[in-house]
Amino acid sequence: MNLAVKQRIPLKIKRMGINGEGIGFYKKTLVFVPGALKGEEVFCQVTAVKRNFVEARLLSVNKKSRFRVEPACAIYEACGGCQLMHLRYDQQLEYKDDVIRQALKKFKPAGYEQFEIRHTMGMEQPQYYRAKLQFQTRSFGGSVKAGLFAAGSHHLVDIQDCLVQDSQTQKIINRVVNLLDKYKVPIYNERKIAGVRTVMVRKAQATEEVQLIFVTSRDLRLTPLIQDLVAEFPQIKTVAVNYNRSKSSEIYGDETEILWGRDAITEEVLNYQFSLSPRAFYQLNPQQTQVLYSQAVEALDVEESDHLIDAYCGVGTIGFAFADKVASVRGMDVVPEAIADAKRNAAAMGFDNTHYEAGKAEEIIPKWYKEGYRADALVVDPPRTGLDDKLLATILQYQPAKMVYVSCNTSTLARDLVALAKVYDVKYIQSVDMFPHTARTEAVVKLQRKR
């Protein structure tokens, strides 16, 4: 390779990669440049030389894309939480269409060239959409800061005004930081594993109820802080503590305790309400979740006689959209609190055709089949790692007639479609922009068993 670290080179950007970076070739060497846009001519400096490519830092843009815009966020480049704010929003949606095509081209599931890729469904107002905030806390010079780690580092970027974060949750975290300082609450650091390391704030869009989790590595006296906080913000309904005593990058430990208030808040999607306990998963963009779930319902196209499995069900939200349309719904999740929520939510809505169990989908589904349960329809909404190998094998073994795959990672989706496309026809892929200004997108895939 004819490039070295710190070398400065001109580059023409040919396309954009799956992480939002610009990609070009310098003397046949692949170069990745964060912040550069397709069609631009840039000057950049090599920061890392890998086996088959190099990474570079953008120094200047000599010929700008007509779609380049000035990011509205003052800490956009330092934070790294967003990757596309310098690209005009309508072009962000075009980019997300292309990300799906790139992933399919890389993994090449059978017939991928003929897959219908529907245009990404965006937001009219793509700001302040994140209803859930998860900020790291650290102490600098005796003062507490909260924010996100800069990309690829453990450098905490102090965030007090985020363009994509719900403004109410931002106000609450700012006040939490003040109170952590005021009451001298111990703050976590990597050397002394002691104190608050993360604060989660979540707001229900429908009810405006708020819940908090303090993630800590040790027991703490938080009563005075909580008293001040709930007096100032009456919409706070739940304050919990989660104990994470490990040195790993995992945000949460296994033990969660309610310190104050109710054990759940109430949210709404489509035409039903449901409870959310602090640890339970729910989509972070409530407005687009309405769109996403509507697309899932349309894609699965169930009948009254169908039996449905909702894998990775969380608090049951996707499954509830079908519960009054099918004979039965069964779901599972690895978070016990989420399953408790799902059972409580189903009872509150009067559904007597639902069943939920805590555990892994790849273990529970085969058990249900051994017990005689047969699914006509399947919804999977896995984490970013995609479908577990055992679950994928189970799906291929039992082959429910229709299936919807809801994905938050185009790469693992395309990988899983390699196996699924052997027994299912991929009718279409509908992308929904759940994460404006980032390189991520969510996709709903309609699958039908081959005849």
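Modeller: Two strands pair if DSSP finds at least two bridges between them. Keep in mind that this is a predicted model.

Biologist: In which sense do strand S19 and S20 pair, and over how many bridges?

Modeller: S19, residues 377-380, runs parallel to S20 in this pairing, with four bridges. Within the pair, alanine 377 is opposite lysine 402 of S20.

Biologist: Are the faces of S20 covered or uncovered?

Modeller: Both are covered. Lys402, Val404 and Val406 lie on one side, Met403, Tyr405 and Ser407 on the other, and all are buried.

Biologist: Which elements do the buried residues of H10 pack against?

Modeller: S20 (402-407) is one of them; the others are helix H2 (89-107), helix H9 (389-398), strand S21 (424-432) and strand S22 (442-449). H10 spans residues 410-420, and nine of its 11 residues are buried. Among them are Thr410, Leu413, Leu417 and Leu420.

Biologist: What lies within 2.9 Å of the backbone nitrogen of serine 411 at the start of H10?

Modeller: A side-chain oxygen of asparagine 409.

Biologist: How should I read the packing of H9 and H10?

Modeller: In general, two packed helices are described by the angle between their axes and the distance between the axes. Here the axes of H9 and H10 come within 10 Å, with a crossing angle of roughly 35°. The crossing is right-handed.

Biologist: Which residues meet there?

Modeller: From H9, Leu392, Ile395 and Leu396; from H10, Asp416, Ala419 and Leu420. By class, this contact of H9 with H10 has five nonpolar residues, one charged and no polar.

How values were computed: Residues numbered from 1 in each chain as written. Predicted model: local features only at pLDDT ≥ 70, side-chain atom pairs only at ≥ 80, totals over all residues. Heavy atoms only, no water. Buried < 20%, exposed > 50% of the residue type's maximum accessible area, 1.4 Å probe, protein only. Helix = DSSP H or I, 4+ residues; strand = E, 2+ residues; numbered from the N terminus. Contact = heavy atoms within 4.5 Å. Polar contact = N/O pair within 3.5 Å; in protein donor to acceptor, adjacent residues only side chain to side chain. Axes fitted to C-alpha atoms, helices over the stretch in contact; angles between N-to-C directions. Left-handed = near helix turned anticlockwise from the far one by under 90°. Nonpolar A, V, L, I, M, F, W, Y, C, P; charged D, E, K, R; others polar.
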